[in-house]
Amino acid sequence: MVTEVNVCGLKFRNPVIPASGTFGFGTEMYGCYDLNILGGIALKGSTSEPRYGNESPRIAECPAGLINSVGLQNPGIDALVSTKAPALRNIYNGVIIANISGFSIDAYVESCAKAAACPEIDLIEVNVSCPNVHGGGLAFGTSAASAAEVTREVRKVTGSKPVSVKLSPNVTDIVEIARACEDAGADALTLINTVLGMRIDIARRRSIVAAGYGGYSGPGIFPIALRMVHQVTGAVKIPVIGCGGVSSARDVVEMMMAGAAAVQVGSANLRNPMVCKKIIDELPALMQELGLEDLKGLRI
């Protein structure tokens, strides 16, 4: 069985990628299993400056997933390119994906330029779910115009490094935004990010997470992610990396049948840090069961 896939000219030994924010900077998992079995690794989101993140509590459990409100805690882009990415490359020979967040166009451009200059980083994933501090606080990814602006400006400084824009599901028309990013120069798209959610502590009569709301992820959002991936892959010509509620080899194949070129595994890593290995181990047998020699041309 051939599990290799190609995204933006990059060869992934299989389509399984731990999603940003659920696998640290990769090195944290060293020794748990051979990281080189992974198709790629999406690193923890980085911003132009170090961030402490939101106050605790940051996590609220849900029946089919969890809500997180970590608030982009990270050591900053300089630490990513000088320390974190090189440390991972010393132990991992697959595709390294830098996830970049920002609160202004200038911040995105600065961080993406540094990521593009880092030889250990293969692909830049631009998270447009951050609030635009100069634009009233709405997330960049909630409008086609602002998502396109981020994409266009970032693309000017990233040279030959491919750029994937990670889209938010908290919009009325994700296809319009996807097309706008494609027209602005995106090489790929990643979708979806978390769905805005809330849980309430009824005894204390307040939100469980300190920030009030957070990003809902897990199996509960898989049908939403699948629908959006199918819609977007039918509307754009660039590859789509599917993400959202994936927790099994069957989910991976289903996501690829919706059109995804590769698949990220997110909060399932938080419940079971060995889940990506399990999925990769089970994928060949599932392919044999379905009569698949490779993973090409699965979209329904």
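Which residues line the second largest pocket? They are V2, E4, V5, N6, K11, M256, A261, D294, L295 and K296.

This is a predicted model: local features need pLDDT of at least 70, side-chain atom pairs count only at pLDDT 80 or more, and totals for chains, interfaces and linings use all residues. Residues are numbered from 1 along each chain as its sequence is written, and side-chain values use heavy atoms, with hydrogens and water left out.

**Pockets**

A pocket is an open set of points on a 1 Å grid over the protein atoms alone, where a 1.4 Å probe fits, with protein on both sides within 12 Å along at least five of seven lines. Lining residues have an atom within 4 Å of a point. A volume is the space filled by probe spheres set on the points.

| Pocket | Volume | Lining by class |
|---|---|---|
| Largest | about 1,200 Å³ | 18 nonpolar, 27 polar, 4 charged |

Ala, Val, Leu, Ile, Met, Phe, Trp, Tyr, Cys and Pro count as nonpolar; Asp, Glu, Lys and Arg as charged; the others, Gly among them, as polar.

The largest pocket has a volume of about 1,200 Å³. Of its 49 lining residues, N68, N127, N193, T194 and G215 are the closest to its centre. β6 (65-68), β14 (214-217) and α7 (268-271) each give two or more residues to this lining. Helices (H or I, at least four residues) and strands (E, at least two) are DSSP runs, numbered from the N terminus.

**Sheet**

An open sheet of 4 strands runs β5-β6-β14-β11, with antiparallel pairing. Two strands pair if DSSP finds at least two bridges between them. β5 (59-62) and β11 (195-197) are the edge strands. β11 and β14 share 3 bridges. G197 has G214 of β14 as its bridge partner.
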